[in-house]
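Please read them with the coordinates open.

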Amino acid sequence: KEIEAEARFYRALAYDYLVRGWGDVPLRKKSVATYEEANAPRVPFWEVYAFIVEDLQFAFQNMREYGQTSTAAGRPCRWAAESLLSQVYLTIGTLTKHSNDNFWNPAERTPDFSPIFEGITETSTMRDVSKKAFQEAYAAAQDVIDNGPYVLASKYQDLFRWTNPEDWTLKERIMVLTNSPESGTSASNYSAIRSLPKFPEGTQNYTAVNNNYGRWRP
């Protein structure tokens, strides 16, 4: 369950990026086996958010604890899942609060967030959904603050420093994806190394070739 929870956390993180960038997107709940499955049509964005929330709730209940993660750049813990869950609720609250100034036309379709929030039905107003979403966002964030392992850094500038050993264990960091030749094996995160270039595009050492390309499949 711990491994499944971690995989579902990463899946939720990926879909969070997708749905915020494109709205309706294809939703794949299992590995594709056919051409038709690989080219599935888009689904409404609220169905994607329901899938994300389900993954993150499972992840929060079953992922490893903070003490099992040695560095900020190690594998994420369960509190990272609840932190992301708070952000997702906040996004839903913002979308529904300003539904007349958004990427979908409320006159043509009404998002159904009833699978996500208790007390919300298909006939609930967007105002009701927004209020509920903001309440859930607050509750999740408050739980991380009150019961999670995190502590604010004594100096704000320390959040941007990576030269000292303690920078990798700074307790304000919730999740860090690192990919640097200088980070060393103890700070490497294979999620980044196997999916990102080694240097930012446009820098002197950037190359389009990454020997790790191909390890991750669609």
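The points below run from the overall fold to single residues.

1. Basis. This is a predicted model, in which local features need pLDDT of at least 70, side-chain atom pairs count only at pLDDT 80 or more, and totals for chains, interfaces and linings use all residues. Residues are numbered from 1 along each chain as its sequence is written, and side-chain values use heavy atoms, with hydrogens and water left out.

2. Fold. The protein has six helices and zero strands. Helices (H or I, at least four residues) and strands (E, at least two) are DSSP runs, numbered from the N terminus. The pattern along the sequence is α-α-α-α-α-α.

3. The protein has 218 residues, of which 41% count as buried. Buried means under 20% relative accessible area, exposed means over 50%, and partly exposed lies in between (1.4 Å probe, protein chains only). Take the contacts (heavy atoms within 4.5 Å) between residues at least 6 apart in sequence: 53% of them join residues at least 24 apart.

4. H3 against H4. Helix H3 covers residues 45–62 and helix H4 covers residues 78–97. Their axes lie 8 Å apart, at an angle of about 155 degrees. That makes the two helices, H3 and H4, roughly antiparallel. Axes here are lines fitted to C-alpha atoms, for helices over the stretch in contact, and angles run from 0 to 180 degrees between N-to-C directions. Angles over 145 degrees count as roughly antiparallel, under 35 as roughly parallel, 65 to 115 as roughly perpendicular, and the rest as oblique. The crossing of H3 and H4 is left-handed, that is, the near helix is turned anticlockwise from the far one by less than a right angle.

5. Who makes that contact? H3 contributes residues including Phe45, Tyr49, Ile52, Leu56 and Phe60. From H4 come, among them, Trp79, Leu84, Leu85, Val88 and Ile92. The contact of H3 with H4 divides into 15 nonpolar, two polar and two charged residues. Nonpolar covers Ala, Val, Leu, Ile, Met, Phe, Trp, Tyr, Cys and Pro; charged covers Asp, Glu, Lys and Arg; the others, Gly among them, are polar.

6. Salt bridges. How many salt bridges does the structure hold? There are 11. Each needs a side-chain nitrogen of Lys or Arg within 4 Å of a carboxyl oxygen of Asp or Glu. Side chains of opposite charge can pair when their charged atoms come close.

7. Glu2 bridges to Arg64, with the closest N and O atoms 3.6 Å apart. Glu2 sits in helix H1 (residues 2–22) and Arg64 in the loop between H3 and H4, 62 residues apart, linking distant parts of the chain. Glu2 is partly exposed at 29% relative accessible area, whereas Arg64 is buried at 14%.

8. Glu136 and Lys132 form a salt bridge at 3.5 Å, N to O. Both lie in helix H5 (residues 126–147), four residues apart, about one turn of the helix. Glu136 is partly exposed, at 27%.

9. Asp158 and Arg161 meet in a salt bridge at 3.7 Å, N to O. Asp158 is buried at 12%; Arg161 is partly exposed at 28%. Elsewhere, salt bridges that share partners join Glu4, Arg8, Arg11, Glu54 and Asp55 into one network.

10. A loop residue. Thr123 is in the loop between H4 and H5. Is Thr123 buried or exposed? Thr123 counts as exposed, at 72% relative accessibility. Thr110 lies 13 residues from Thr123 in sequence and 9.1 Å in space, C-alpha to C-alpha.
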